[in-house]
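Trainee: I am new to this structure and would like to go through it step by step with you.

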Amino acid sequence: MDNREVLVDIKNLRTFFYTEDGVVPAVDGIDLTIHRGEVVGLVGESGCGKSVTALSILRLIPNPPGKIIGGEIFFHGQDLLKKNEEEMRMIRGDKISMIFQEPMTSLNPVYTIGDQISEAITLHQKIDGAESKKRTIEMIHLVGIPEPERRFSQYPHEMSGGMRQRVMIAMALSSNPELLISDEATTALDVTIQAQILDLMRGLQKKLGMAILIITHNLAVVAEMAETISIAYAGKIVESASAKETFKSPRHPYTYGLLQSIPKFTEKKTNEPLPAIEGMVPSPYHMPKGCRFNPRCPFATEKCREEEPEILELTPGHLVRCFYPIES
Amino acid sequence: MATRLVEVQNLKKWFPIKGGVFATTVASVRAVDEVSFFIDQGETLSLVGESGSGKTTTGRTMLKLLQPTSGKIIYKGKDITNLTPNQMRPLRRNMQIMFQDPYGSLNPRMPVGDIIQEPLDVHSIGTRKERRQAVATMMETVGLRPEYEKRYPHEFSGGQRQRIGVARALVINPELLVLDEPISALDVSIQSQIINLLQELQQRLNLTYLFIAHDLAVVRHMSDRVAVMYLGKIVETADNDELFDHPLHPYTQALLSAVPVPDPEVKRERIILQGDVPSPVNPPSGCHFRTRCPYAMPICKEQEPLVIEVAPGHTVACHLLTKK
């Protein structure tokens, strides 16, 4: 299939949160492979475990209450879960960096953006002040912010949401990472600004060749950006395939239902109701027995209510966690 | 011919910015700046635009939840612009609003039955027993179990709370409902449930909607007509298909091209707009869009474009269409 080198290989990751009200299995069986230079989309609704997966890769799960209780995260063949804190710090923000949804709260309001970007640079590269300033201005220029020299000494509040997100990207890319994790990075932005940022990310990916893990609930965003898509539901990956396959022949009832239920921008108005998925996402404290999607699944049988399906490769590169996958 | 339910003419809502020693007005936020549109009975008009374009303020000013700075609001042929709150009250039961945030818009200390019943209490409609009955019926209509009336908002999910919001808005049988981003805060699989509910209720109860949204796929699915706002102005209005198939204003074109499409095999020509939306305190002279417009001409700086009707029901405010 993909003959590029495997960069990240997550195997059966399980991250639980131990709260006063009970155990939350936020991530309970996530498998994900990211090749060098590949753009992978991780899609799901709130509570499906997509952000916790990202934080697990970076080992940023607050402990307590959270704990990675099982699985492996290989990065260049080495298990990140076996690294000590010192070693992780060398990887975080250097080889793997991340951008978040909220550019305002992720930036420090009392430092200029120049200071914040150069901090990220000097942390991982042994260069002097003048050199790091030069590099910072290069980065600000690279992410398409006009007048980099003037912007260098501005504070986050002086910038718009789109500009702040560009600053975040500049910071994340300043160390030439091999993997960029984007967690709902364009969700808070307006469509025309979202288009700018996605365009920027696509351009930089081509230029710098890093792999990107795009985490989002927006199917349209991954359709545009990702080569491979994994769909998560209630802490598990339920389907994983190439972007083309995912949209053309979804095999898991959840993926199928989700694609059916979203209104299509290109289709004319009808008065027909949308084929919605009934019910709602299960409470993390009371996960259903058997397949986690069974209470909402139109095809569920007794077996689905009792046993949990394994994830299986149905056709090369197309994995589905379902006893009765939809015919392609 | 459809009956016109509401019409606004040259509606303006400026918010003063106070400053200086004597707290004089030093500038104004021109949230809504000379906006005109109408809505016919039983139809859905969508108001689209980016954050800060004035969609929400337009909706609220139309309902006179905010007093307009100038302009006219005509409801069923009657000018309601300068009615006092007391004079407005009997009209209020015909117009309701539903909000975006399913968490902030419901009183956390009130059982949902009381929340839904409140509009009936305010307007003194029916006896106590009738009101209770109306609440139960309404809860069923929006897909909530009437037994839940004693529960509090925190016991419900986001989608269910939006159902409570719908029930509260509809319990007094309004004609006009302003839907201010009713599904933006919901999960994808829940959004379609609420869209279906809103459409079904519209058909059943012959409701008229002003639908405020930024998700253009949902707008395409829901609306009869669409008005596009940019920085306090309506730049283009047209029937649904006309607007999506033949957008004429450069902003509408850019906005539509920026929408990501959930199909990896569709490759679309994308117009990437440069820069950000300018501040509504100090909007550009002439056409508000000229600073980001790929076709800006000298005249765009000097003169504000007039709204012209290019086809029946399709109006555009752009110099490109008046010139030549």
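**Helix packing, burial and the chain contact**

Mentor: In chain A, α4 and α5 are roughly perpendicular to each other (a word for angles of 65 to 115 degrees). This is a predicted model, in which local features need pLDDT of at least 70, side-chain atom pairs count only at pLDDT 80 or more, and totals for chains, interfaces and linings use all residues. Residues are numbered from 1 along each chain as its sequence is written, while chains are lettered from A and ligands numbered from 1 in the order in which they are written.

Trainee: At what angle do helix α4 and helix α5 of chain A pack?

Mentor: Helix α4 of chain A covers residues 113–124 and helix α5 of chain A covers residues 129–142. Their axes, which are lines fitted to C-alpha atoms over the stretch in contact, lie 9 Å apart, and the helices pack at an angle of about 115°.

Trainee: How many residues of helix α1 of chain B are buried?

Mentor: A residue is buried if 20 or more other C-beta atoms lie within 10 Å of its own. Among those of α1(B) that are buried are B:Lys55, B:Gly59 and B:Met62. Helix α1 of chain B, residues 55–62, is mostly covered, and of its eight residues the number buried is seven.

Trainee: Which helix gives the most to the side of chain A that touches chain B?

Mentor: The contact (C-beta atoms, placed from the backbone, within 7 Å) takes 36 residues from chain A and 38 residues from chain B. On the side of chain A, α8, α9, α10 and α11 each supply at least two residues. With six residues, the helix that gives the most is α8(A).

Notes:
Contact = placed C-beta atoms within 7 Å. Helix = DSSP H or I, 4+ residues; strand = E, 2+ residues; numbered from the N terminus. Axes fitted to C-alpha atoms, helices over the stretch in contact; angles between N-to-C directions. Parallel < 35°, antiparallel > 145°, perpendicular 65-115°, else oblique. Buried ≥ 20, exposed ≤ 12 C-beta atoms within 10 Å, placed from the backbone.
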